[in-house]
Amino acid sequence: MGVNRPAAPAAVLAVDAGNSKTDVALIAADGAVLGAGRSGGFQPPRDGVEAAVDVLGRAVAEAAEAAGLPPLRAGSPYAGQVAACLSNADFPVEERRLADAIGARGWGAATLVRNDTFAILRAGLPGAAAPRGVAVVCGAGINCVGMLPDGRTARFPAVGTISGDWGGGGGLAEEALWWAARAEDGRGGPTELASALPARFGLGSMGELIEALHLGSLGRRRLHELVPVLFAVAAAGDPVASAIVERQADEVVALASVALGRLGLLAEEVPVLLGGSVLTAGHPQLNGRIVAALAERAPRARVSVVSAPPVLGAGLLGLDALGSPPGAHGRLRAHFG
């Protein structure tokens, strides 16, 4: 039986908000997508909670306009259930704070907030059954969550070095720069990274690249461009680059196996889902090592890459919260293909 909500034009307002972009979908009770919207990155630590929620609001307004809905009025929400999967919602207290701020906008009769990694987990799990599995996301950063049908979860703070994290696109770029700098000045061993990294920006040496980054003539936001270079150099056999890639694989396996262990799933047949730009790029050296190493620690785990957009996962979580029939889940999943 579904959960009662005040009447609204849509059943679910699904929100997936990452550091670089926000996607929103308004979803009917039968799983049809009524309208979609997109806006910028969601970064409450930098912008403040209200300003960050304003960014969500721009995508919500675009989705409502696409759905042909009238302007929002008090007491007339767009949807019965808001399901928001948000970056920077790393602790339960942050989820509650963000749920209060979003709920105050009146977009939905009820509001559910999860960390954005839960969107990848739900998007990668089939059917309408309650979620059971583990997801690791490696994009700009790295995170992992697991969930059981009874609602128990396994998760990590995932706020960087202070919480024991390593890797993701930002971490990989920094690590590649560190080794390349030391190779050029003699403090470290040789690596092709020393020439390949500056060449990506048309520079002739690591000294020039370091100066450009330090003085700001090259924005640090472009460091993500070095990640494909790292993988290409590793694939060509460079031992330093290969060691960085292998360490990233080992970090993914450590996260997944610990989450599986916390949920009592190490010996179970269970999906382990990989998401985020680093893992969905399909680098054989990285993903192959993940599969092989995880098989030693969780031999029945089934590893797969999630290519579906995370807003699908947020929508499915919303339909879950409403107790929607399986057909609605299937129609929504078909829309995102």
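**Notebook: a walk through a predicted model**

**Entry 1**

I began with the strands and found five of them forming an open sheet, in the order 8-7-6-9-10, with mixed pairing. I noted at once that this is a predicted model. Which strands stand at the edges? I found strand 8 (153-155) and strand 10 (301-305) there, and each has a single partner strand, so one side of each is left without a neighbour in the sheet. From one strand to the next, I get a twist that averages 15 degrees.

As a reminder to myself, strands of a sheet pair through backbone hydrogen bonds, either parallel or antiparallel. I then looked up how strand 7 (residues 142-147) pairs with strand 8: the sense is antiparallel, over three bridges.

**Entry 2: a helix across the strands**

Next I turned to helix 9 (residues 239-262). Which strands does helix 9 lie across? I wrote down strand 6 (133-138), strand 7, strand 8 and strand 9 (270-275). Helix 9 runs at about 25 degrees to strand 7.

**Entry 3: salt bridges**

How many salt bridges are there? The count I have comes to 19, and I followed up a few of them.

I started with D30 and R331, whose side chains meet in a salt bridge at 2.6 Å, N to O. D30 sits in the loop between strand 2 (22-27) and strand 3 (33-39), while R331 belongs to helix 13 (residues 326-336), so the pair ties together parts that are 301 residues apart in sequence.

Then I looked at R132, which forms a salt bridge with E268; their closest N and O atoms are 3.6 Å apart. R132 is found in the loop between helix 4 (117-124) and strand 6, and E268 in the loop between helix 9 and strand 9, so this pair links parts that are 136 residues apart in sequence. For R132 I noted 28% relative accessibility, which counts as partly exposed. E268 counts as partly exposed too, at 35%.

My next pair brought me back to helix 9. R289 forms a salt bridge with E246, with 4.0 Å between the closest N and O atoms. Since R289 lies in helix 11 (residues 284-297) and E246 in helix 9, the pair ties together parts that are 43 residues apart in sequence. R289 is partly exposed at 32% relative accessibility, and E246 is partly exposed with a relative accessible area of 29%.

I also found a network: K21, D23 and R38 are joined into one by salt bridges that share partners.

**Entry 4: cysteines**

A disulfide is a covalent bond between the sulfur atoms of two cysteines. How many disulfides does the structure hold? I wrote down zero.

C85 is in no disulfide, and the nearest cysteine sulfur, which belongs to C144, is 15 Å away. A disulfide needs sulfur atoms within 2.5 Å. C144 is likewise in no disulfide: the nearest cysteine sulfur there is that of C138, 11 Å away. Where do the two stand on burial? C85 is buried, with a relative accessible area of 1%. C144 counts as buried at 0% relative accessibility.

**Entry 5: P126**

I went back to the loop between helix 4 and strand 6, this time for P126, which has its place there. P126 counts as exposed, at 65% relative accessibility. I also looked up how far P126 is from L112, 14 residues apart along the chain: their C-alpha atoms are separated by 21 Å.

**Entry 6: aromatic rings**

A pair of aromatic rings is described by the distance of the centres and the angle of the planes. My count comes to one aromatic pair. Which residues form the pair, and with what geometry? I found W178 and W179 in an edge-to-face pair, 5.1 Å centre to centre with 80 degrees between the planes. W178 is partly exposed, with a relative accessible area of 43%, and W179 counts as partly exposed at 30% relative accessibility.

How values were computed:
Residues are numbered from 1 along each chain as its sequence is written. This is a predicted model: local features need pLDDT of at least 70, side-chain atom pairs count only at pLDDT 80 or more; totals for chains, interfaces and linings use all residues. Side-chain values use heavy atoms; hydrogens and water are left out. Two strands pair if DSSP finds at least two bridges between them. Helices (H or I, at least four residues) and strands (E, at least two) are DSSP runs, numbered from the N terminus. Axes are lines fitted to C-alpha atoms, for helices over the stretch in contact, and angles run from 0 to 180 degrees between N-to-C directions. Contact means heavy atoms within 4.5 Å. Buried means under 20% relative accessible area, exposed over 50%, partly exposed in between (1.4 Å probe, protein chains only). Rings of Phe, Tyr and Trp (its six-membered ring) pair if their centres lie within 6.5 Å; planes under 30 degrees apart count as stacked, over 60 as edge-to-face and the rest as tilted.
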